Amino acid sequence: MRIITFGTFDVFHVGHVNILERAKAQGDYLIVGVSSDALNFSKKGRNPIYSEHDRMQILGALKCVDEVFVEESLELKEQYILENKADMLVMGDDWEGKFDHFRSVCQVVYMTRTPSISTTATIEIVKSLP
Ligand code: C2G
């Protein structure tokens, strides 16, 4: 069973590890689409802290991740799912309902986010340190 997931994974943290390990446990091959720097800018209005090159290197080094590729556009998700022959799309539940239309091409599963940690919150904490 081939699993696909998408994300920026900037300032990599334990919430990211949790969803990736739980996604992998749904099957036996995990493919991760990593938002390009340009896509992240268009989604969040700022550049990521870590470049797409470094974010891909971090993800590719994880035991639970089998393959990484750059997600250039949100509009290409169906194409990425089909190209990668994914049987299941896994996303955190902050995306609940947003990807239901892909149920015609693969299973879609939303997983509970890890509470109390996010890239944005971590950046704010670091910025506020004296
Ligand atoms: N996540 C989580 N728990 C957290 C933080 C993040 O489970 N505390 C999950 C998110 O739900 C997402 C994944 O980790 O499934 C990656 O999170 P982000 O890097 O914030 O991804 P995002 O920028 O939302 O990109 O096309 C969809 C987007 O590319 C998703």
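I began with the largest pocket and found about 620 Å³ of space in it. My pocket criterion, on a 1 Å grid over the protein atoms alone: an open set of points where a 1.4 Å probe fits, with protein on both sides within 12 Å along at least five of seven lines. The volume is the space filled by probe spheres set on the points, which are joined across faces, edges and corners.

The model is predicted: local features need pLDDT of at least 70, side-chain atom pairs need 80 or more, and totals for chains, interfaces and linings use all residues. Numbering runs from 1 along each chain as its sequence is written, and side-chain values use heavy atoms, without hydrogens and water.

Next, the lining (an atom within 4 Å of a point). I got 31 residues, with His 16, Lys 44, Asp 94, Trp 95 and Arg 113 nearest the pocket centre. E1, H1, H2, E4 and helix H5 (119-128) each give two or more. H1 has the largest share, 4 residues. Helices (H or I, at least four residues) and strands (E, at least two) are DSSP runs, numbered from the N terminus.

Then I looked up the ligand. It sits in the largest pocket, by the test that more than half of its atoms lie within 2 Å of the grid points. Strand E1 (2-7), helix H1 (14-24), helix H2 (37-44) and strand E4 (88-92) each put two or more residues into its shell. H1 gives the most, 3 residues.

The ligand is surrounded by 21 residues (a heavy atom within 4 Å). Phe 9, Lys 44, Lys 77, Asp 94 and Ile 117 are the closest.

I checked polar contacts, pairs of N or O atoms within 3.5 Å. From a ligand oxygen to a side-chain N or O atom, I read 2.7 Å for Asp 94 and 3.0 Å for Lys 43. For a polar side-chain atom of Ser 35, the distance to a ligand oxygen is 3.4 Å.

Terms used
A polar contact is a pair of N or O atoms within 3.5 Å; within protein, one must be able to donate a hydrogen and the other to accept it, and residues adjacent in sequence count only if both atoms are side-chain atoms.
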